[in-house]
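Have the structure open as you read.

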Amino acid sequence: MRLTTFTGHLVNQMNSRVAVLLSTYNGEKFIASQIESILNQTGCEIDIFVRDDGSTDKTLQLVKEYQKLHPNIYLTEGKNVGYKLSFFSLIFSVSGYDYYALSDQDDIWLETKVRAAIDFLSQINKEALYACKKIYVDENLQPLQLEDKSLPLNLDYGFFRGGICGCTMVWNSTLHSILQEFKPRQNFKSHDDYLRCLAIAIGAKTYLDETPRILYRRHSTN
């Protein structure tokens, strides 16, 4: 069992239960490598909840093959409702975990992504949201000459200007309880916009990790 220190405290990460919420749609080309990168996260116990948004390719077949090997992967086969409603469905149907994370189907998580989030979140006794910087890559994981312009998670930048991708977000159970209570009543542009804005509006503790912990693919079928 690995113990990690953060601001002078001991964090028993292996007892931390994390729900990764992953929406898929025709992602057969990249879904296997993304699932592998999530399974390879260190220092925590992860369950992966996949909602397929009506894929017509081999995405479902690939996820089911991983299910046979990994009992911590759960799959819901849904109708095509779009990525926003698909992610909202996951957010509002999964509970009982210490931490929650959003995942796209085509990125690669570096193995310390979730552990770094827990290092921060485990020290907070109120609603808290973590996000990290990312490295832009092409479909072959070659770095692109693009700057990550993620903005701090505060009232000025985070609320009015956005700039944080949902795939970098991790939040604690206290914030998740608030999410369950206050479901959006207006047409937010995206699920991650809503999560970020709600966190800032209620005064949640927020943190933008300047260390990149995700390879963020840019490709023709984004």
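Predicted model: local features only at pLDDT ≥ 70, side-chain atom pairs only at ≥ 80, totals over all residues.

## A strand pair up close

Now zoom out. S8 and S10 sit side by side in an open sheet of seven strands, ordered S5-S4-S3-S6-S10-S8-S11. The pairing across this sheet is mixed. Which strands are at the edges? They are S5 (73-78) and S11 (205-209), and each of them pairs on one side only. Going from one strand to the next, the twist averages 15 degrees.

As a reminder, strands in a sheet pair through backbone hydrogen bonds, and they can do that either parallel or antiparallel.

## Two helices side by side

Next, look at H1 (residues 31-39) and H2 (residues 59-69). Their axes come within 10 Å and cross at roughly 30 degrees. Angles under 35 degrees count as roughly parallel, so H1 and H2 are roughly parallel to each other. The crossing of H1 past H2 is right-handed.

Which residues make the contact? H1 brings Ile31, Ala32, Ile35, Glu36 and Leu39, while H2 brings Leu62, Val63 and Tyr66. Sorted by type, the residues of this H1 and H2 contact come out as seven nonpolar, one charged and no polar.

Note on methods
Residues numbered from 1 in each chain as written. Heavy atoms only, no water. Pairing = 2+ DSSP bridges. Helix = DSSP H or I, 4+ residues; strand = E, 2+ residues; numbered from the N terminus. Axes fitted to C-alpha atoms, helices over the stretch in contact; angles between N-to-C directions. Parallel < 35°, antiparallel > 145°, perpendicular 65-115°, else oblique. Left-handed = near helix turned anticlockwise from the far one by under 90°. Contact = heavy atoms within 4.5 Å. Nonpolar A, V, L, I, M, F, W, Y, C, P; charged D, E, K, R; others polar.
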